[in-house]
Amino acid sequence: MEVRVYIKRRTLTILMARRGWVQADLARAMGASQATVSLILREKVQPSTPMARRLMDAFKGVSYRSGRLKWDDMFNAVYVDSQGASAL
């Protein structure tokens with residue numbers, strides 16, 4: 001079974017604003033290119049699981065809603081079986 005990670009773009013832009021970051025800052029914090037960050041923000045690509053973890057690490061210590069940032073605040077994970085059916 002494959003896991004596909006879909007980012008919640010609005011959450012990402014809110015977190016970037018709270019840090020006062022532009023795409024280049026986020027790219028530097030997660031060890032990616034600015035082009036990759038741009039593609040993620042425009043929802044042209046979805047981050048791999050390792051890249052999603054680096055995104056979470058980039059925002060450690062930033063509060064979101066009423067507490068700490070959690071995986072579910074930023075991502076939706078979809079599990080896809082060999083027939084292409086998905087489940088949450």
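Which pattern does the protein chain follow when read along the sequence? Colour by secondary structure and you get β-α-α-α-α-β-β-α-β-β, that is, five helices and five strands. Helices (H or I, at least four residues) and strands (E, at least two) are DSSP runs, numbered from the N terminus.

Some ground rules first. This is a predicted model, in which local features need pLDDT of at least 70 and side-chain atom pairs count only at pLDDT 80 or more, while totals for chains, interfaces and linings use all residues. Residues are numbered from 1 along each chain as its sequence is written, and side-chain values use heavy atoms, with hydrogens and water left out.

**Stop 1: the whole chain**

Of its 88 residues, 33% count as buried. Buried means under 20% relative accessible area, exposed over 50%, and partly exposed in between (1.4 Å probe, protein chains only).

**Stop 2: helix α4**

Select residues 49-58, which make up helix α4. Buried here are M51, A52, L55, M56 and A58. Look down the axis of α4: its buried residues fall within an arc of 160°, so they line one face of the helix. The arc is taken from the directions from the helix axis to the C-beta atoms. Now show what that face packs against: β1 (2-7), α1, α2, α3 (34-41), α5 (71-74) and β4 (75-80).

Stay on M56, which counts as buried because its relative accessibility is 15%. Leaving out residues up to four places away in sequence, M56 touches L69, K70, W71, M74 and F75; contact means heavy atoms within 4.5 Å. Draw a distance from M56 to K70: the C-alpha atoms are separated by 8.3 Å, with the two residues 14 apart along the chain.

**Stop 3: the core**

Next, select L12, L26, L55, F59, M74 and F75, which touch the most other members of the largest nonpolar core, a set of 23 residues. A nonpolar core here is a set of buried Ala, Val, Leu, Ile, Met, Phe, Trp, Tyr and Cys residues joined through side-chain atoms within 4.5 Å. At least two residues of this core come from each of β1, α1, α2, α3 and α4, and α4 gives the most, with five.

Zoom in on M74. Beyond its neighbours within four places in sequence, M74 has contacts that include Y6, I7, L12, L55, M56 and F59.

**Stop 4: T11**

M74 also touches T11, a residue of helix α1 (residues 9-19). Is T11 buried or exposed? T11 is buried, with a relative accessible area of 5%. Its side chain reaches the backbone oxygen of D73 at 3.0 Å.

**Stop 5: the salt bridges**

How many salt bridges does the structure hold? There are two, counting a side-chain nitrogen of Lys or Arg within 4 Å of a carboxyl oxygen of Asp or Glu.

- Select D25 and R28: their closest N and O atoms are 2.8 Å apart. Both lie in helix α2 (residues 23-30), three residues apart, about one turn of the helix. D25 is partly exposed at 23%, whereas R28 is exposed at 61%.
- Select D57 and K60: here the closest N and O atoms are 3.7 Å apart. D57 is partly exposed at 45%, and K60 is exposed at 59%.

Note on methods
A polar contact is a pair of N or O atoms within 3.5 Å; within protein, one must be able to donate a hydrogen and the other to accept it, and residues adjacent in sequence count only if both atoms are side-chain atoms.
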